[in-house]
Each structure stands twice: as C-alpha cells, then as structure tokens.
Amino acid sequence: MENTLDAYKNAIVEWNNNRTNSESVLGLLTQGSYFEITRAMYDDWSENSPDYIHAYLGVDTEASDSVGFIMIDSTCDSNPKTVTVGNISYAPYLEGFGDLQDIPPFSNEENPNNDISVLTGLQRSFRWMLNRKKYIENKVAEGAGENAGMFQAFRLPMTDLDIIFSDANADKAIVIFGLTADNATADLLLWSDNYQEDQTVEDTTVPMPPFHNLTDFRLLQIAIN
C-alpha cells in the first residue's frame, strides 16, 4: 500500500463500505491467514508509552482489493495532530510464510504469563477457520452501526506485546484471527515467532464494534467523516 495518510484513510473507508456485504468480507478475510508485528514497530510504539495499539482493517484497491492492517498507538491516535503517516505502520494480511517454518511439537512448558493456554489459542484459531463464514453472515445481518456489525478495528493491549518482545530472540509477533467458544466474538491471537524456545500466546484483543467507543479511534473518525 502507498505510504500516505490519504491511502490509509481510503483503505479504511473501503473496508467500512465492504463490511455490510458478507460475501465481500469473506472474500477479503480468506485472502490470508496472519499478519506480522515486528520488533521495529514495537520499539517505535514503546517510545510513546501507549496503553494500546489500534489495528484498523483496510482494503488496498490499488493491489487487487487486498486487505491489511493499519496500526497506530493509542497515544498518537488520541489527537488529530499526531494522526500522521509517520506514526502509522502497515501490515499486509498474508497467506503464508515464504519458507517452511520449523515449528516443534507444543509441550506443557509454555510461558506461564500467557493470557490463554496454547491449546485454547489453537482451538480458537481452528474455530475461526471453520465457523468464520457463518460468523460473518451473522455480524453483517446486525447492520453496520457503531455498536453492531462487522468489526472495523481491534485494540491490542501494549502489555501483550511487552510480554512477547521481552524475549530477546523474538523478532516478530504473528497475529491470527480466533473465535471464542460461544462463537460470538472474533479476536486476534498474538503468538511469538520464537517457536523453538518460547511458547507465548496472548489474547486480550477484542473488536470495535462492539467493545470499544468509536471516539477512541481517531483515525477511523477522520477517515469516515
């Protein structure tokens, strides 16, 4: 995606327009399986001491309607003057790694600080893969108000990233969709990419709508208004 504020705003508007059509949403969200948060992104965000990272969905119409995540820390997103291209990071929604990953069998020696267990994380991602079509149809049927309908953004606690990147050997957080056991809420699961040493998974990330106030998401307001 072009690295300009207008391009990011247009991508957010395009997702907002598509989220009322279940076939369009499903087509976009089946393009990939994950996106990445790099250590460089984390280091940049840390300088602002934010409580959260806001991850907006966006559709890049210049790249065959490809979907990705437009991210800005909550400190910068709270003030229109700091909603600038220099404070925004973009991560494409990718289908798979370029190389085969050496992922060892998961054991019981997972990170004790995990928000959820590795097994629960795997269950949620499996549930999303199997149930996402019906979940999307149900959310679209709710309408597209501020408190209902398909998600426009997610709020990621900075503390989750602190835990993942406290491992000096973790270069990236791998972020995938999950679905809660009641099939009612989509979330984002953050996994450490240091598979050999650190079985870390974090999950306190829920969507807007319905769980957060639109006024906290300044970039979205600027884009759709």
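Leaving aside neighbours within four places in sequence, F151 is in contact (heavy atoms within 4.5 Å) with W15, R19, L29, L57, W128, Y135, F177, A186, P207, M208 and P209. This is a predicted model, in which local features need pLDDT of at least 70 and side-chain atom pairs count only at pLDDT 80 or more. Residues are numbered from 1 along each chain as its sequence is written.

**Nonpolar cores**
- A nonpolar core is a set of buried Ala, Val, Leu, Ile, Met, Phe, Trp, Tyr and Cys residues joined through side-chain atoms within 4.5 Å, where buried means under 20% relative accessible area, exposed over 50% and partly exposed in between (1.4 Å probe, protein chains only).
- The largest such core has 37 residues, and W15, L29, I37, M71, F151, L161 and F177 touch the most other members.
- A second, separate core of 17 residues includes I12, I70, V83 and Y90.

**Helix α5**
- Helices here are DSSP runs (H or I, at least four residues) and strands are E runs of at least two, numbered from the N terminus.
- Among the buried residues of α5 are W128 and Y135, both also listed as contacts of F151.
- After α5 comes G143, with a positive phi near 100°.

Technical notes
Side-chain values use heavy atoms; hydrogens and water are left out.
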